[in-house]
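Work through the exercises below with the sequence and the 3D structure open. Each task is followed by a solution in steps.

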Amino acid sequence: MKTIKDFVFKNKKALVRVDFNVPQDENLVVTDNTRITAVKPTVDKILADGGSVILMTHLGRPKGEMNDKYSLRHVLSEVSKALGKDVKFVDESVGEKAEEAANALQPGEILLLENLRFHNEEEKGDPAFAEKLSKLGDAYVNDAFGTAHRAHASTAVIAQFFPSTKFFGLLMEKELVAIDKVLKSGEKPVTAILGGSKVSTKITIIENILPAVDNLIIGGGMSFTFIKALGGKIGKSIVEDDKMSLALEILEKAKQHNVKVYLPTDSVIADDFNNEAERKVVDIREIPEDWQGLDAGPKSREIFNDILLNSRTILWNGPIGVFEMSNFAAGTIALGESIAEATKLGAFSLVGGGDSVAFVKQFGYSDKVSYVSTGGGAMLESLEGLELPGVAAINK
Ligand code: AMP
């Protein structure tokens, strides 16, 4: 893997693609700067070498038109604060002004370009636009894992203009190493927990990870398609009837790969999809007709806990209950606790993709697991076994 550690940036201008697509409030003030602080190590290394940094990113969906609401000038002060250095700004990403600003940049300085998506050419992956961008720097660094699954001008196409000076940033490296640690070089036993609402959105992930894992825990809404396919009564629980045969095929494939599959054995059920609904715990195969399973029951939590405490590598994607409703969050909290405990005991744990990331942030588990991915779609596509265009472009 070719990373910025392999290059000395002295007197070089590094064109760094970052993902500063940050959430903002109604006054356009940044409400979560995680994506900005995440690239500080990359910026620091380039500056420490005696180089300068030109940051480029998209923000929101301006659809190819200049729109002040999506201007990066609103994010500039937060970038300076998070990186601990005054950052310059130019209200263009390509063109004369951008070139002048880039030319004037001195070693130790940082320049932020205007929103790349003010130009349609960015998302189209236009080579001429990529070439114009490439003129701004001497080296290209991709540290935008969150957009690495897109073949856009600045995330992939641009790399061809830097045949010997294109590198992964340190955040990208961390993400790629974390995925590798789970899918390729994971210390055994490897356990994956897949939750969330639907089997259909996770099927490619399950198929791709089967050769790499020893245990597969299937929880959350998607478990009911399996339970029903196995003959259980699931009442009004969420189900995909047309995926039942697929569920049985997955179980068969898991057997062929010697993967032990664990489904919840009991469920916290409710008489309505609502936090104040009546609740009780039952065998997951015996849910009464008008009730629905909204969380993993206490026996299931114990079984999952035992497996996790005996695992050396853990991948978690998707909540195992409707954690957004406090009365149905206990199962996912217990799972978070088990993963935190396993991590303390030395396991490597990766939380990646979608709602499980939201959960660990909201419930304070971010520092209790080994790695929380910064890229939703990009992480999901990696787990599906797809090569991300942003990664392929550097590896070429
Ligand atoms: P996904 O985006 O597929 O990872 O699904 C995440 C969503 O699954 C969360 O919003 C959870 O509330 C939901 N979920 C988890 N367990 C259940 C369940 N038993 N019934 C309905 N939805 C669930």
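**Exercise 1.** Which polar backbone atom is 3.0 Å from a nitrogen atom of the ligand?

Solution. The model is predicted, so to speak of local features a pLDDT of at least 70 is needed, side-chain atom pairs count only at pLDDT 80 or more, and totals for chains, interfaces and linings use all residues. Residues are numbered from 1 along each chain as its sequence is written, and side-chain values use heavy atoms, without hydrogens and water. The backbone atom belongs to Gly293. This is a polar contact (a pair of N or O atoms within 3.5 Å). Next, take the side chains: an N or O atom of Glu324 lies 2.4 Å from an oxygen atom of the ligand, and one of Asp355 lies 3.5 Å from a ligand oxygen atom. The protein covers 82% of the 500 Å² of accessible area that the ligand has on its own (Shrake-Rupley method, 1.4 Å probe).

**Exercise 2.** State how many residues surround the ligand, and sort them by class.

Solution. Start with the count: 14 residues surround the ligand (a heavy atom within 4 Å). Ser197 and Lys202 are among the closest. Then sort: five are nonpolar, six polar and three charged.

Note on methods: Polar contact = N/O pair within 3.5 Å; in protein donor to acceptor, adjacent residues only side chain to side chain. Nonpolar A, V, L, I, M, F, W, Y, C, P; charged D, E, K, R; others polar.
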